[in-house]
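Subject: Structure handover

Hello,

Here is the structure for you to take over. My notes follow below it.

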Amino acid sequence: MLTTLNTSYTDTRAGDLAWALGREPLPALATLDLELCGAKLQLRLLGASHQVLLEEERGGCSETVACIPGSSTPLPLGVAKRVGDWEYEFAARVEVLAPGQFAGRAQELLALVADHPHGLAGVFPGSPHAFTAMLAHRHEGQVHWRTWHAYPQDGQLVATRTRVGVRVPVSA
């Protein structure tokens, strides 16, 4: 699903992004509710980037990557944590692209997500290449999602990958 976000462009630099686990739901500009083999997932586009809410019978998990005032946790390159009965893995990278490359990559990502049944993308006013896009799937009992945050003024594209799965006990 592709939507135009009715807000100003809040997180104007990749360096402004912060990461948080366990935050309460923040006001969303657009949402997509998914059911992936028993897991309820809500993809949320915020004025300041994204939030994912995951609910399963074993519990819930929320991930926020956004411009969070007062946050002291910058966007990490990688995280591996236990969240209740789950293993949570997160990775982020920043790509710097030339203007022509950036426009082509933006169009490619928006086309990938716009028509995908598990995809949500929002374009910010002022630039067709200022967007946040999210794509989710379930594979081998684990829930995965990817996100892209585009900053055309700097030629920066922040890409994240997350995997959440039930922790498998180690045999003694």
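**The β7–β8 hairpin**

Two residues separate the strands in the hairpin of β7 and β8, and G84 there has a positive phi near 65 degrees. Bear in mind that this is a predicted model. β7 covers residues 78–83 and pairs with β8 in the antiparallel sense, over six bridges. R82 has E87 in β8 as its bridge partner.

- E95 belongs to strand β8, residues 86–96. E95 has a relative accessible area of 17%. That is under the 20% cut-off, so E95 counts as buried. Its side chain makes a polar contact with the side chain of R93, at 2.9 Å. Beyond four places in sequence, E95 is in contact with R105, G155, Q156 and L157.
- T3 is in strand β1, residues 2–4. T3 is partly exposed, at 25% relative accessibility. Leaving aside neighbours within four places in sequence, the contacts of T3 are A30, L45, A121, G122 and V123. T3 and F102 lie 99 residues apart in sequence, and their C-alpha atoms are 20 Å apart in space.

**The five-stranded sheet**

There is also an open sheet of five strands, ordered β2-β6-β5-β4-β3. The pairing in this sheet is antiparallel. β2 (18–21) and β3 (30–36) stand at its edges with a single partner strand each, so one side of each is left without a neighbour in the sheet. Neighbouring strands are turned by 10 degrees against each other on average, again ignoring direction.

β3 and β4 (residues 39–46) run antiparallel and are joined by seven bridges. L32 has L43 in β4 as its bridge partner.

**Two loop residues with positive phi**

- C37 is in the loop between β3 and β4. Its phi is near 50 degrees, a positive value in a residue other than glycine. C37 is exposed, at 68% relative accessibility.
- E140 is in the loop between β10 (131–139) and β11 (142–151). Phi of E140 is also positive, near 50 degrees, and E140 is not a glycine. At 70% relative accessibility, E140 is exposed.

**The nonpolar cores**

Which residues touch the most other members of the largest nonpolar core? They are L41, L43, L54 and W145, in a core of 31 residues. Elements giving two or more residues to this core are β3, β4, β5 (49–56), β6 (59–66), β8, β10, β11 and β12 (156–166). Apart from this core lies another, of 15 residues, with A106, V123, A133 and L157 among them. In soluble globular proteins, nonpolar side chains tend to be buried together.

L54 shows the surroundings in detail. Not counting residues up to four places away in sequence, L54 touches A39, K40, L41, G59, G60, C61, W86, V143, W145 and V164.

**Cysteines**

How many disulfides are there? The count is zero. C61 is one case: the closest cysteine sulfur, in C37, is 18 Å from the sulfur of C61, too far for a bond. The cut-off for a disulfide is 2.5 Å between the sulfur atoms. C61 is buried, with a relative accessible area of 8%. C67 is partly exposed, with a relative accessible area of 25%.

Over to you.

Best wishes

Terms used: Residues numbered from 1 in each chain as written. Predicted model: local features only at pLDDT ≥ 70, side-chain atom pairs only at ≥ 80, totals over all residues. Heavy atoms only, no water. Helix = DSSP H or I, 4+ residues; strand = E, 2+ residues; numbered from the N terminus. Buried < 20%, exposed > 50% of the residue type's maximum accessible area, 1.4 Å probe, protein only. Polar contact = N/O pair within 3.5 Å; in protein donor to acceptor, adjacent residues only side chain to side chain. Contact = heavy atoms within 4.5 Å. Pairing = 2+ DSSP bridges. Axes fitted to C-alpha atoms, helices over the stretch in contact; angles between N-to-C directions. Core = buried A, V, L, I, M, F, W, Y, C linked by side-chain atoms within 4.5 Å.
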